[in-house]
Amino acid sequence: MTFLGFGPQALPFFEALAFHQTKEWFEENRETYEIAVMSPMGDFVAEVAVRLAKAKIPIKGDRKSSLFRIHRDVRFSKNKDPYKTNAGVAMTRSGAKSDPGVLYFHLSPDGCFFAAGFHNPDPRQLAKLRSAAARAREPFQQMTAKLAAEGLSLSDDEAQKRPPRGFETIGDPEILAAVRKKHFLCLRPVDEKRIHEPALADDFCAFASHSLPLLKWGWEALADPR
């Protein structure tokens with residue numbers, strides 16, 4: 001189905017869920033969740049996937065594999081609340097959420113945003129990304145320049161205070177900042193009013209195009225046998 005925007009109850013549902021973290025309340029309000037959140041999110045992914053394919057942007061997704069479950073994994077968390085108070089969708093080259101290099105939409109009362117890149121890469125992948133930035137500086141800087149032309153930049157969230165071992169002698173400030181990163185991501189905030197409009201899909205497709213240089217750079221870095 002065509003994406004028509006999220007309903008007016010989407011964010012209020014999550015605000016209420018934050019105060020009613022019980023199975024009983026959730027089941028009583030499941031219909032609101034399905035109608036206001038899950039159904040339009042599925043439509044959003046389905047429409048975006050078709051449009052990205054037409055634009056030859058190598059990112060896939062569907063309403064079954066791309067949406068995140070609302071149930072939290074509380075096995076190793078001090079917070080035992082059973083439900084998430086947000087919704088998200090992740091699209092990748094293969095369509096599997098675990099595939100490195102993700103295009104992501106986050107829906108939450110605390111703030112909605114688009115994101116793209118490599119979140120929480122495993123140690124081997126992180127080392128490859130850092131090494132690619134340090135070893136081949138020109139391609140990395142060309143990539144960040146393309147992001148900047150679209151108003152995007154790499155996030156410094158959770159960056160190390162000091163460069164990791166083996167990168168201590170880097171003098172270029174941009175490369176030094178790159179090797180300190182834990183994630184290679186760019187983000188774009190989404191106005192809350194925009195989530196209720198069909199044009200949200202337009203915005204996400206535009207973001208996919210604008211952030212593609214980061215994804216391509218990262219894919220090439222991870223494929224490098226060195």
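Tutor: Happy to! Let's begin with what a packing angle is: each helix axis is a line fitted to C-alpha atoms over the stretch in contact, and the angle, from 0 to 180 degrees, is taken between the N-to-C directions. Keep in mind that this is a predicted model.

Now find helix α4, residues 123–135, and helix α7, residues 200–223. Their axes lie 9 Å apart, and the two helices pack at an angle of about 110 degrees. Angles of 65 to 115 degrees count as roughly perpendicular, and therefore α4 is roughly perpendicular to α7.

Which residues in α4 and α7 meet? On the α4 side, look for Gln 125, Lys 128, Leu 129, Ala 132 and Ala 133. Their partners in α7 are Trp 217, Gly 218, Ala 221 and Leu 222. Sorted by type, the residues of this contact divide into 6 nonpolar, 2 polar and 1 charged.

A search of the whole structure finds 1 cavity of 30 Å³ or more, and the largest cavity has a volume of about 60 Å³. Its lining includes Tyr 33, Met 38, Met 41 and Phe 68, along with Arg 69 and Lys 84. Helix α3 (30–54) gives the largest share of that lining, 3 residues, while β1 (87–91) also supplies at least two. The lining residues divide into 7 nonpolar, 2 polar and 2 charged.

Definitions and conventions: Residues are numbered from 1 along each chain as its sequence is written. This is a predicted model: local features need pLDDT of at least 70, side-chain atom pairs count only at pLDDT 80 or more; totals for chains, interfaces and linings use all residues. Side-chain values use heavy atoms; hydrogens and water are left out. On a 1 Å grid over the protein atoms alone, a cavity is a set of points where a 1.4 Å probe fits but cannot get out, and a pocket is an open set with protein on both sides within 12 Å along at least five of seven lines; lining residues have an atom within 4 Å of a point. Grid points are joined across faces, edges and corners, and a volume is the space filled by probe spheres set on the points. Helices (H or I, at least four residues) and strands (E, at least two) are DSSP runs, numbered from the N terminus. Ala, Val, Leu, Ile, Met, Phe, Trp, Tyr, Cys and Pro count as nonpolar, Asp, Glu, Lys and Arg as charged, and the others, Gly among them, as polar. Angles under 35 degrees count as roughly parallel, over 145 as roughly antiparallel, 65 to 115 as roughly perpendicular and the rest as oblique. Contact means heavy atoms within 4.5 Å.
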